[in-house]
Each structure stands twice: as C-alpha cells, then as structure tokens.
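Hello,

Here is the structure I promised to pass on. Please have a look at it first, and then read on for what turned up.

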Amino acid sequence: MPVIICAFSFVFFSCSKPGDSKVSHAVAAYGEQNFDKALELFNEALNEETSYSDELIYNFIGNVYMAKDENEKAVEYFEKALQNKPEYFGLVRLGSVYNSLGNAEDAQKTFERAIQLNPKKAEAW
C-alpha cells in the first residue's frame with residue numbers, strides 16, 4: 001500500500017502550500033515504515049493550509065493505523081474521512097476494518113452503503 005499512497009500523492013499534488021511538504025514527508029515516512037513520524041507529520045498538516053483535503057489526510061492517517069495494526073484508531077479516522085462525503089472505496093475500506101475487528105454488523109451496514117453508492121463494483125459484495 002505505500003506505493004499506492006506515494007504514487008497518488010506525488011502525481012496529483014504539488015508542494016505549493018505550506019503544509020504540502022509535511023504531507024509529502026509523511027508519505028515518505030509511511031513508505032519507510034516510520035509510522036509514528038508519519039502520524040506526527042499528517043497531524044501537523046491538518047493544522048496548516050495544504051492542497052490536500054482533510055478527508056484525504058484522514059484516510060492517510062487511517063492507513064497508517066492499519067499498518068500499525070491499530071484498527072480501532074483506523075476506524076476513527078476512516079469515519080472522519082467519510083463524514084462529509086461518503087465515497088465507495090472509503091466505505092469498502094472501513095467495512096473491511098470493521099470486519100477484521102469482528103464487528104460484522106457495522107461491516108455489513110458499511111458495505112451496504114458502498115453498494116448503494118456504486119452497485120456495479122464488486123469489492124463490497
């Protein structure tokens with residue numbers, strides 16, 4: 001997953017706002033499996049102007065917590081990311097984390113929300 005985050009980050013955004021370099025460094029730290037540093041930098045970026053939406057940074061933070069096998073914290077950040085604008089892959093990711101925690105009821109509800117958004121995709125089925 002580090003490759004996906006890095007590719008997404010560097011292809012779609014440039015470091016033109018003050019917090020962008022923190023996000024770029026956080027992504028690099030994540031890729032180096034320096035998860036605590038990545039969390040520190042992502043959280044700092046949330047308090048600065050960036051080209052990145054808060055929702056995207058929350059997703060990054062959720063991914064870091066998943067990598068650290070701290071799935072309860074991952075759920076917290078994935079839910080924040082989806083709060084204002086639910087999107088299919090975010091819901092699938094959240095449903096998968098609920099499932100890994102043994103929370104079948106919330107996983108099912110979340111997958112159903114994903115299917116409502118995009119019934120032609122197979123991941124939520």
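The protein chain has 7 helices and 0 strands, where helices (H or I, at least four residues) and strands (E, at least two) are DSSP runs numbered from the N terminus. From the N terminus on, the order of elements reads α-α-α-α-α-α-α.

A word on the basis. This is a predicted model, in which local features need pLDDT of at least 70 and side-chain atom pairs count only at pLDDT 80 or more, while totals for chains, interfaces and linings use all residues. Residues are numbered from 1 along each chain as its sequence is written, and side-chain values use heavy atoms, with hydrogens and water left out.

Of the 125 residues in the protein chain, 39% are buried; buried means under 20% relative accessible area, exposed over 50%, and partly exposed in between (1.4 Å probe, protein chains only). Among contacts (heavy atoms within 4.5 Å) between residues at least 6 apart in sequence, 47% join residues at least 24 apart.

Now the rings. A search of the whole structure gives 6 aromatic pairs. Rings of Phe, Tyr and Trp (its six-membered ring) pair if their centres lie within 6.5 Å; planes under 30 degrees apart count as stacked, over 60 as edge-to-face and the rest as tilted. One of the pairs is Y30 with F35, which is tilted, at 5.7 Å centre to centre and 55 degrees between the planes. Y30 and F35 are both buried. The pair of F42 and F60 is stacked, because the ring centres are 5.1 Å apart and the planes are at 25 degrees. F42 lies in helix α3 (residues 35–46) and F60 in helix α4 (residues 54–67), so this pair ties together parts that are 18 residues apart in sequence. Both F42 and F60 are buried, and ring pairs link F42, Y52 and F60 into a cluster.

Helix α3 has 12 residues and reaches 17 Å from its first C-alpha to its last, close to the 16 Å expected at 1.5 Å a residue; the expected span is 1.5 Å times one less than the number of residues. Its buried residues are F35, A38, L39, L41, F42 and A45, and the buried residues of α3 pack against α2 (20–31) and α4.

What is the angle at which α4 and helix α5 (residues 71–83) pack? It is about 165 degrees, with the axes 8 Å apart. Axes here are lines fitted to C-alpha atoms, for helices over the stretch in contact, and angles run from 0 to 180 degrees between N-to-C directions. The two helices α4 and α5 are therefore roughly antiparallel to each other (under 35 degrees counts as roughly parallel, over 145 as roughly antiparallel, 65 to 115 as roughly perpendicular and the rest as oblique). Residues of α4 including Y58, I61 and Y65 meet residues of α5 including A74, Y77 and F78.

Two loop residues may also interest you. Q33, in the loop between α2 and α3, has a positive phi of about 60 degrees although it is not a glycine, and it is exposed at a relative accessible area of 58%. D69, in the loop between α4 and α5, has a phi near 60 degrees, a positive value in a residue other than glycine; at 61% relative accessibility, D69 counts as exposed.

Best wishes
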